[in-house]
Amino acid sequence: MRSSRTRAIQAPRYGAREVRVAVGDHHVQAYAWGDPGRQPYLLFSHGWSSHGTRIATWLPRLRESGLAVVAFDQYAHGLSPGAFATIPSFVEHLLAVAAHFGQPRVLVGHSLGGATAILAMQRGLRADRVVLVAPAADPVDAGLRFAGLIGLAHHACLRMMRGFERRYGIEFARMQAHRVVPALACPALVVHDLRDREVPWCEGERYARHWPGARLLSTEGLGHHRIMDHAGVIDAACAFIQGRAVGERVVSSPNLPFGLA
């Protein structure tokens, strides 16, 4: 499998203006299409082992709609420096890029980039509309899934996670989507595939169920990666960005654990 750096180097830039955004004693590589200083812009947050130009298939539709687009390579990803990244560092660098370019009109996150987006919003990042594609909702569950994949015992995984929490001064439970999104007021569209093998569909459903202004669009057979490039998904996301109702409203209560309105 090619690394994030190799994919970023080989990926076309489609005429992007490349910008180095300073973050403390280092920088991250950012890409701008259009003029985010004068146009409303969309900010893209990529996932783990990915890179900013992953948004490339969306560019024609977004630019036609009058939006500038900003993406960037997270620290230790793509063309940005560094050898190790964490969820907190993902959030810090997203906030730094947003501070550099100004408040985005739209925020789009894929996979871990979706979790990063809502954690950044918890820290004060604002957008008029948010699109999350196959978003990871729960670092605790993700850690346990990874442990099962490599054969690590449940108790050993929990001990390892507690070590990370002590080292980085974080609490994974506080990063769970259902603890963050109820306080978010802007409209959101969550797109998730029923057969996603990397981040289960139920994590996207959790975002839609607990986010007051969210709707859920479910696909089938697109998986975790192809969903980002599917023309139907891009069309739906652009329609939502333009203010149209897309997807279904997920409702729940003690007597109705799951339902669609």
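Predicted model: local features only at pLDDT ≥ 70, side-chain atom pairs only at ≥ 80, totals over all residues.
Helix 3 supplies the largest share, four residues. By residue class, the lining divides into six nonpolar, two polar and four charged. The space in this pocket is about 210 Å³.

Next, select F101, I118, V130, Y207 and W211. Within the largest nonpolar core, which has 54 residues, these touch the most other members. Helix 3 gives this core its largest share, nine residues. Now centre on Y207: beyond its neighbours within four places in sequence, its contacts are G114, A115, I118, L132, P135, A136, A137, A177, V181, V190 and A214. A separate second core has 32 residues, among them A16, A134, I234 and V246.

Then turn to the salt bridges, nine in total. Select R206 and D138, whose closest N and O atoms are 3.0 Å apart. R206 is in helix 8 (residues 201-210), while D138 is in the loop between strand 6 (129-133) and helix 5 (139-150), 68 residues apart. Both R206 and D138 are buried.

Stay in helix 8 for E205 and R209, four residues apart, about one turn of the helix. Their salt bridge has its closest N and O atoms at 2.6 Å. E205 counts as buried at 5% relative accessibility, whereas R209, at 26%, counts as partly exposed.

Finish at D35 and R38, a salt bridge with closest N and O atoms 3.8 Å apart. D35 is partly exposed, with a relative accessible area of 32%; R38 is exposed, at 77%.

Methods:
Residues numbered from 1 in each chain as written. Heavy atoms only, no water. 1 Å grid on protein atoms, 1.4 Å probe; cavity = no way out; pocket = protein on both sides within 12 Å on 5 of 7 lines; lining within 4 Å. Points joined across faces, edges and corners; volume = space filled by probe spheres on them. Helix = DSSP H or I, 4+ residues; strand = E, 2+ residues; numbered from the N terminus. Nonpolar A, V, L, I, M, F, W, Y, C, P; charged D, E, K, R; others polar. Core = buried A, V, L, I, M, F, W, Y, C linked by side-chain atoms within 4.5 Å. Buried < 20%, exposed > 50% of the residue type's maximum accessible area, 1.4 Å probe, protein only. Contact = heavy atoms within 4.5 Å. Salt bridge = Lys/Arg side-chain N within 4 Å of Asp/Glu carboxyl O.
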